[in-house]
Structures are given as C-alpha cells and as structure tokens.
Amino acid sequence: MPATSPPSPQDPAETVPPRPDGDASRPPLRTHQARALDALAQSRQEGRRRAWVVLPPGAGKTRVGLETVAEAYAEGSITHAVVLSPNTAIQAQWVRGAREHGLSASTSRDLDAQVACLTYQALAVFDADAEVADDPDEAGSVIGRLHPNGAALVERLRASPGLLLVLDECHHLLDAWGRLLGEILREVAGAQVLGLTATPPDALTGEQQELVEELFGGVVFRAGVPAVVREGHLAPFAELAWLTTPTPSEVEWLDEEATRWRELVAFLSDPTFGSVPFLEWMRLRFVEPVPGQLSWAALAAAEPALSDAALRLCHHGLLALPEGARLAEKHRREPDADDWVALLDDWALAHLVPSPDPRDAEVLDRVRAALPSVGYVLTKRGVRRGRTPVDRVLARSHAKTLAAADIVAAEHDLLGERARLLVLCDHEQASSTLPTGLQGVIDVQSGSAYAALETLVTDARTEPLSPLLVTGRTVAGAPLTLLALVDWVGRRDPGLAARLQVEGNGPVARLEGPWTSRTWVAPVTEFFEAGHTQVLVGTRGLLGEGWDARRISGLVDLTTATTLTAVVQTRGRALRTDPSWPEKVAVNWSVACVSEAHPRGGNDWARLVRKHEGFHGVDDDGDVVDGVSHIDPTFSPYAPPPEQLFEENNRRMRARAAERDEIRTRWRIGTPYRDEVAPTLRVLTRDAAGAGAGAGTDPDGAGVLRVVAERSPLTLEREGAVLGPTLTPPDDDRRARAVLVASVTAGAASAAAAPAVGWPAAAGVVAGLAGLVAVPTLRAPYRRALARWVSETVAAAASGPTPVQVATAVAEALRSCDLVGVGAEGVVVEVHLGGEHRCRLEASQAEAQLFATALDEALGPVSAPRYLVSRYTLDPATALPRGLRVRTGDDARRALRALRPAGEVWHPVPSVLGVNRGRAEHYLAAWRRWVGGGALVAAASPEGAGVLAAQRGADPFAVSTVLRLHWL
C-alpha cells in the first residue's frame, strides 16, 4: 500500500475530523491484537491503571492503542487521549489511524482533539540556557529544566482529568526520557497509561526493568515475532549469513598488527619465560588447588571468566583438566585474545608486578608492548581495554560492501521483478578522517551507505536495479534513476518536482531541492514499491523504526548494532506481509567479515552472534530457535567457521534462499503454538557431527520423529499418531524396522520384565518385541523378518542406551527428588535423521533448564563426579547362540533370555543429583528402570577411587552436546 506523506515541520498542526464510515473500513482484529485487548481489559478490571504491551514491528501496536482509546471514550472513562511517539512517521500513522476509528486527531500541543498525536521531542524540549548541575543526583526536577513549550504541555497534561497517555515504542523512554516521564507520571498519578513496544522484557537491563516496573507495573501481554508469523500476520522469513574475508590490503595490515601478539603467545609456552612461567602459574591457580583446597565448582563460581579461559587452555592441550571440571560447548575451542588477556592480567597482577626478579620485569615489558595490538593496555592496576583500529577494519571492510552486491545480485536472480532489497548501514558518510595507521588500508568512506551505493551503481549485475540511497540528509543514485524519481514526484506534486535538480557528473548524483526527509520518504517509498528502484540503501535512523514498505523481499544488514531492540526493529522492515504477494517469504542477510590473520579477527563474527542472541528464527528442520544455530546448525556462538569453509557456506546460504516454499512450510503457519521458550539439549554423535549429519526427516520423509515418554515403555510418535511395534510385511520392512528399533532402543520394560541380571539390552528387547513374539507360529516371510529383527535389534541394543533412555532416567530422578514437577511423561525427544536427538522437558523454563543441564552432564565424559553409576554392555558377536533358528515367538524369548552381559561401563551422576547419597540413590533407581544397570559408587570411597582412576577422561557416549532455546 503506498505510503502518504507525513506533515512537514513547517505545516501547521492539523486536526483530522472523524470519518463517518470508519468502523466499517477497519479489518477484523488479528489474534494477538484481540488477546492483547483482552489482557488489557482484565488488567483494568483488576484495578490497574498502567500497562505495558509487547508486540513486534508490523504486528499492529497502533491498532491495539487506538482500540483502547476508542473503548475508553465509549465507556466514558477518559476525557483526553495523548499519544507520544518517537518520530513524525509514526506520529502520522496515529493521526491516520485515529481518523479510521472515527476519532478526531491533532498534532497540536493544545490537546484540542480527542487524540493528540505528539512526538517525544515535543515534550522533552529543554531550555538551553537552564543551568545544569554537575552531579545528576543534584540536578533537581527535570520538569523544571524544560523549555517553556514543554513545560506548558506538562501543565496541560496535569490539568486534564480523565487522561489516557499512550507511549508508543516506549523502549525509547528507558534511555532518553525515562526520568522525565517518571516525574510526569507522578504529576498525573490518576491518568491511565499504556506503553507499547517491540522490545521484549528479556532485552532489558536490570535498571531498565526497574524503570518499567515504576512506569507501567509490568508487562500485561507480549507476543514475539514467531507467534505473529505463525498466525500469518507477519511474513515467514529466514536468517542467512554471508561470510567474507578482508581485502588483500586489509589482510596484510592485520597480519602485521598481529606479529607482536603471536610472539608473546609463543613466549607464554616457554618454561623459562619468567620466574614462574605462565603455564606453571595456570597449573598452580586452576589445577593444583582442586580438589584439595576447594572444588572446581567453587572456583568456577568465584572466578567464572578466568575459569572458562583456563578450560579453553585445557581443550587446547596446554593445561591438565582440573578434577571436577567438564568441557562444555563454550570451552571446546582454542583460547582467543580475550582469554589470553584475562589470564595474563591474573598472572601480571598477582605475580609479575610485585616480583623483584628482573626476569619478570622483562616479561612485563614484552606484555606491555604486545597488548595494544589486541586492543588492551597494561597499567599499574592491571590490564585495561584500550583502542584498536582492528575492529574498524573488520566492521567497515570493503569486502562487506562487495558481499552486499553479491547478495543483491543473487536475490534478483531468484525473484526477478519481485525483488525489493533494503541495504542498511550505520552511517551515510564518514564524518572524520582515518587514523594515521589506516591510511591506505581502507577508504575513508568504507562501510558507509554512500560507499554501498557506489558499489551497487557501478556493478553490472546490480546497476539495472536502479539502486537509490535515502537517508535523513540525502537522496542519491545514478542520474537516470534520479530523473525517473523526479518524474514520479511530479505526478503528485508538480510544483515540488519543478524545483528539484540532479547534481553531479559521476556515476552517483544527488537530488537537491526544497525538500526534507519528511517530504521525500513517502514518494521514494512509493517509487520503491512500484519497482522503479529495487534496491534502497539507507541507515537505521531513517529506514528503521516507523518506516513501512510492505513489498520488501529481504534486507542486507551491514550495521554494527547488536542490541535485541535494534535487531527486532531492523528485521521488522522486511516482515510486513504483502497483499500483492500472499506467498511472500523474506530473507534477511547478515554480512560478517572474519580474518584468521589477527587474534581479534573474529570480532565481526561475535557481533553476528550477539545480533541473534534472543532473536528466534526457523532452522532447516523447522525448529524455531534463537542464536546463530537457526542460520546454520553447524554455526557455533563461540567461534566462526574456518575460512576455507566460507565459500561453501555462502553456496549453502544461496541454496537456502532459493527454498522460499520450504521456508514457508517450516514455519507451519496456522498451526497451534504456545509462544514459550524451552531449553533444549541437542545431542549428536561425534562421527555424525563430523560428517555434517544431524538434520533431516524420518524414513518416509514426512518430518522428524518425536519420541515421547507416556507411561513405560516409550513409543514413537509422528504428528500425534503413535506408531507401535506392530508386525509389518517384509516389503515394507524399512518402516517396520525403524519403528521397532526405535521402540526397542528407546524403550525400557518394568523391572519385572527384565532378566535377572538386569541389563538394558535384554530389557529393551523383551519390551519391544512383546507384540511380535506373542504369535506362536508365523508364515515363512514373517519368520525370516522376525529372525532378522531379532538379530538387528540385538545389534542396535549392543550399541548402548539412547539419549532418550538417559533423558527419561534423568527426568524421573529429578522428579523423585522433588526438583521438577514432571518425569517420564514430560520428556520429548525429536530424533533427526543422521543421529541428532533434541531433548527437552515439558515443564517451566527453570525446570527445563535444570533438566537440560543435568542431561548434558549425564551424557558427558567422566571427569570428577561425586557419584558414578554403571551399566552392562553386550557383544553382539557372542550374544546369540550359533545356529539360532527363530520360528516361533518362544524361540525369540529363549534367545533373549539367554543373553548375558559382556562388560560394565561407568557414567557420571549429574551434579544436581549427586549432591548427596539420597539423591544419587534416586538416580540409580531411575537409571536401572530406564537404562538398565548395576551399581552406584561414591567417588570418595575406595571402590569409587579405583573406578574413577580407571575411567577418568572416558567418554562412554561419545556425543557432542549443545544447549539451545527453542520456541514452542
């Protein structure tokens, strides 16, 4: 829908009369809008006069606000409504919306209409001549420092009985106007207050949360981006990443910058470097004291950052693993510059600085000289963060601008005339010169919107798309594109078009004339949506909050903003649904420049990770998860992929961008949802992980299989249909075998059904085959199928218990210890082709987190647990008698009962279940039932010490685990 021009700053305040047919013209409420209004009504019934509603961009917050205003007027509970918003574009939306609701609207501070639509700036205009105290705590009243115009508005608000104050995009209050609004709300204590924002509470700092509580009293209703996509009111989307390396000149500079640092790291491994060498200091600090002086848990709790850095040294093979420590996902990478610096700081302050040894003085000199290359300086009080141009080189690398052109060209190849790309940058043009050290390395305008425009205009692939730059100060593009824009403006305002001029002789020109961003945003938006330009380049300041263009097919994010607020607002530009394209799927690209030539070469990757923390997107398996895993399952939040994989990554991303229909299917639009976040443990065998497996469908390609524990034994479920271990003809034995093996290896019989020795394979086999062996005699094809199933099932059981069995044992033990409210019935595991299991507990987020952490430890290697449990193993080569003939169910029973264990394996008891003997006994009982097993020993006992000495470092399950937050 074409945008209309907001009032210019020179326009007089306008009052818009109500439209007689306003009610009939309004579309029906969306689901989340109706739920928000119901929640607001409930809060009013409870006597609350202040409320906060969270809805993502494009979800219709304005409609919720106006329905609230209209209802309040209809009830006679208000006499004035005032809406404050952050910019004039949003202000204009409120004016138009009020008219559609049959309400008069005004942009005047006089509050002379039913709805006064103002900006925050109209209120927070401070008197430049007012004296400001040096100490903020002594500054006195903020209201007292307002400009007379702002003070007069405050007085009108105070004097307005029955006031409803609507604060749109109220996250702005938390930074710029929070204290002022706090004072105003105390002055108008009887007013009703409604805050509307797209910023989820999770993104707020502690101080901001306190302010929200003071201003609004807490969130009344919230809906996240995934919920509104699932409802069909935002476009389904995919988040993709384009990885690039710096240009050759940039790499050369980075490599030279890193020379001193590499030399220092090499010295740190030298046993003669200092009176107490670095690695010896690390051993004395993190290995030697554990567990004699304190436990690893206590040390990690007291010094978490240092402990994490030390564990990455362990993973790198430079330090022995302390007793009781376990390498989690975040530790399984090489130490980065920040890790080295943190540990260097500890070594320097505690040992080098006070040491009188001249060798340590020499070490300090080397450290002091090397630290600036990674952005730190050594002071008398320790290491402090300094400035380094490295991050500027990576953030503004010309390679990122070239990548933007590659992405735009690829998207146009896919979508043709439907392509509408938004390229977002931090700034229009650089306002300062380059630091001396970077002259000749990067261009002064590298990373700017203007540089991106020049690249797109001069690239043969993207030049036909008529790229256009639009910022708060400038409209620019190729001369022919600007002439076409002037012609377009002339259709709506011939007088304005006659005064516009194209200036500039190069490939990029500017459109000059008597207009401002208030005037040009609307015609440029219409020009864009009509397809006369298919690429807009701009900044978040103008083409961010409040800008509405429904035909955007995707965006290219070149910004460095990483707050969840900025990310939600940025992505919100592309997620509007397009009435002319009901099947629209948006693809949002993040570009990251990474270099292995410098220890801080991963800074841009770290920015990419921060952008996706707390932001949920759909992954290749149809799971909605936060973090970079929804971009690609191989991505780690702790380290970028190797440079040699970048080309393959970008090829994979292009292929995924072409799967628009599949992306839409993965979002499962219209299906039920809970709008909750659940901690989930992903478990993948190491071999499968190395091969890139772990995602896919069930044997028939109908979606991943979900294993659910609903009374013992476990069953296999897909789309709500239980697939029990029933007999299937041999010509369809692939499905039968998949169902049977999954049931057998995932299932467990009751204690009475297990053989006397009580080990898992036989217990699972007996339970899984119960429905088959009850048939006394079978025809020949089925006898062969039964014999094959017996043999293959024993082989599968011999491979050890599945994550499902361990997950169920953990859940049952946690419940029996009163740590969670659900047990086996709450365990859900999604089994993906390739070996990945995604395990979660259907419980509160805190209980689900406790379960996921405990399961992670239960599946992990033996380090230094307080207790260990054992299970028995099976050798399939000797488990079944030679010459076994399975003709009847009795034959199968006799074979299974004859099985005997071949060995014993020990596993750690999770920390929360190993707090004392009582909890460990509960875990043993659950372990015996769901996994099958033998004994429980305390690591401190003589027997346990022997087991621990033999088993420490063993990794019985040999799996990789990562913890993710899944949206349900």
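Tutor: In this predicted model, the number of disulfides comes to 0, counting pairs of cysteine sulfur atoms within 2.5 Å. Cysteine 425 has a relative accessibility of 0%, so it counts as buried, the limit being under 20%. Cysteine 817 has a relative accessible area of 13% and is therefore buried by that limit too.

Now the helix pair. Two packed helices are described by the angle between their axes and the distance between the axes. Helix H14 covers residues 304-315 and helix H15 covers residues 337-352. Their axes come within 9 Å and cross at roughly 115°. Angles of 65 to 115 degrees count as roughly perpendicular, and H14 and H15 are therefore described that way. The crossing of the two helices is left-handed. On the H14 side, the residues that meet H15 are Leu306, Ala309, Ala310, Arg312 and Leu313. On the H15 side they are Asp339, Trp340, Ala342, Leu343 and Asp346. Sorted by type, the residues of this contact are 7 nonpolar, no polar and 3 charged.

Tryptophan 589 lies in strand S19, which spans residues 586-593. Leucine 240 is 349 residues away from tryptophan 589 in sequence, yet their C-alpha atoms are 4.9 Å apart in space. Apart from neighbours within four places in sequence, the contacts of tryptophan 589 include Leu240, Ala241 and Trp242. Also among them are Ile407, Glu411, Leu555, Val556, Asp557, Met653, Arg654 and Ala657.

Histidine 616 belongs to strand S20, residues 616-618. Leaving out residues up to four places away in sequence, histidine 616 touches Pro226, Phe237, Val624, Val625, Asp626, His630, Val677, Leu965 and Trp967.

The chain as a whole gives the setting for these parts. The chain contains 38 helices and 31 strands. Of its 968 residues, 54% are buried. Among contacts between residues at least 6 apart in sequence, 74% join residues at least 24 apart.

Conventions: Residues are numbered from 1 along each chain as its sequence is written. This is a predicted model: local features need pLDDT of at least 70, side-chain atom pairs count only at pLDDT 80 or more; totals for chains, interfaces and linings use all residues. Side-chain values use heavy atoms; hydrogens and water are left out. Buried means under 20% relative accessible area, exposed over 50%, partly exposed in between (1.4 Å probe, protein chains only). Axes are lines fitted to C-alpha atoms, for helices over the stretch in contact, and angles run from 0 to 180 degrees between N-to-C directions. Helices (H or I, at least four residues) and strands (E, at least two) are DSSP runs, numbered from the N terminus. Angles under 35 degrees count as roughly parallel, over 145 as roughly antiparallel, 65 to 115 as roughly perpendicular and the rest as oblique. A crossing is left-handed if the near helix is turned anticlockwise from the far one by less than a right angle, and right-handed if clockwise. Contact means heavy atoms within 4.5 Å. Ala, Val, Leu, Ile, Met, Phe, Trp, Tyr, Cys and Pro count as nonpolar, Asp, Glu, Lys and Arg as charged, and the others, Gly among them, as polar.
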